[in-house]
Amino acid sequence: MAAMEWTEKLVLGLAPMDQTHVEFVDAYNRLLSVSGDELLAEMDAFIAHTVAHFDQENRWMEQIGFPACHKAEHDRVLAVCQDVRKRMERGDAALGRQLIRELPVWFDNHVATMDAALSSYIESIGFDTETGEILRPQEDDCANGASSCCTPPASSGEAACGASAPAADSQPA
């Protein structure tokens with residue numbers, strides 16, 4: 001498996017989001033560098049980072065009334081990671097490695113769609129992620145049900161809500 005690289009295509013221009021994404025890439029790459037019992041410990045660290053990462057974005061989305069499809073995607077991915085982790089603990093390292101193989105594709109898509117839409121909207125309303133203050137409230141925005149907030153800006157037009165969790169999930173543990 002190849003390491004995930006931090007590239008310009010992952011930069012969204014929202015500093016706290018970009019920093020969290022750099023940390024996600026680093027946590028992912030640590031998963032690649034270990035095996036055996038270390039893999040389970042590193043999966044725990046990866047999941048802890050992912051929980052904090054998603055909580056941060058979910059908090060912002062709640063504060064600005066962003067569509068729930070993005071949070072639902074976070075919930076699905078976290079559920080997959082936690083289920084796979086339980087199976088890894090029972091000896092199913094192959095499922096863990098399958099999840100690890102699929103995460104970069106999911107992450108690239110998630111950043112390019114859902115996170116790009118969120119970042120763009122945050123910028124458009126002047127939302128301060130530190131204070132929670134909205135400097136430029138908009139009338140016809142995501143909080144009022146505009147579907148464009150789940151569509152990535154300047155993309156293929158495919159709805160960001162159409163993104164999916166990594167497929168490594170099978171039957172719940």
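N58 counts as buried because its relative accessibility is 13%, where buried means under 20% relative accessible area, exposed over 50% and partly exposed in between (1.4 Å probe, protein chains only). N58 sits in helix α2; helices here are DSSP runs of H or I with at least four residues, numbered from the N terminus. Setting aside neighbours within four places in sequence, N58 is in contact with K71 and H74, contact meaning heavy atoms within 4.5 Å. The model is a predicted one, in which local features need pLDDT of at least 70 and side-chain atom pairs count only at pLDDT 80 or more, while totals for chains, interfaces and linings use all residues. Residues are numbered from 1 along each chain as its sequence is written, and side-chain values use heavy atoms, with hydrogens and water left out.

On to how the helices pack. Two packed helices are described by the angle between their axes and the distance between the axes. Helix α2 (residues 37–64) packs on helix α3 (residues 69–89) at about 165 degrees, and their axes lie 10 Å apart; axes are lines fitted to C-alpha atoms, for helices over the stretch in contact, and angles run from 0 to 180 degrees between N-to-C directions. That makes the pair roughly antiparallel, the word used for angles over 145 degrees. Among the residues making this contact are F46, F54 and N58 of α2 together with K71, H74 and L78 of α3. By type, the contact residues split into 12 nonpolar, five polar and five charged. Here Ala, Val, Leu, Ile, Met, Phe, Trp, Tyr, Cys and Pro count as nonpolar, Asp, Glu, Lys and Arg as charged, and the others, Gly among them, as polar.

Helix α3 also pairs up with α4, with axes that come within 12 Å and cross at roughly 170 degrees. These two are therefore roughly antiparallel as well. On the α3 side the meeting residues include H74, V77 and C81, and on the α4 side they include L99, W106 and H110. This contact divides into 11 nonpolar, four polar and three charged residues.

What about the inside? The largest nonpolar core has 27 residues, of which M43, F46, L99, W106 and F107 touch the most other members. A nonpolar core is a set of buried Ala, Val, Leu, Ile, Met, Phe, Trp, Tyr and Cys residues joined through side-chain atoms within 4.5 Å. At least two residues of this core come from each of α1 (15–32), α2, α3 and α4 (93–125), and α4 gives the largest share, seven residues. There is also a second, separate core of 12 residues, including M17, F66, Y121 and F127.

Terms used. Angles under 35 degrees count as roughly parallel, over 145 as roughly antiparallel, 65 to 115 as roughly perpendicular and the rest as oblique.
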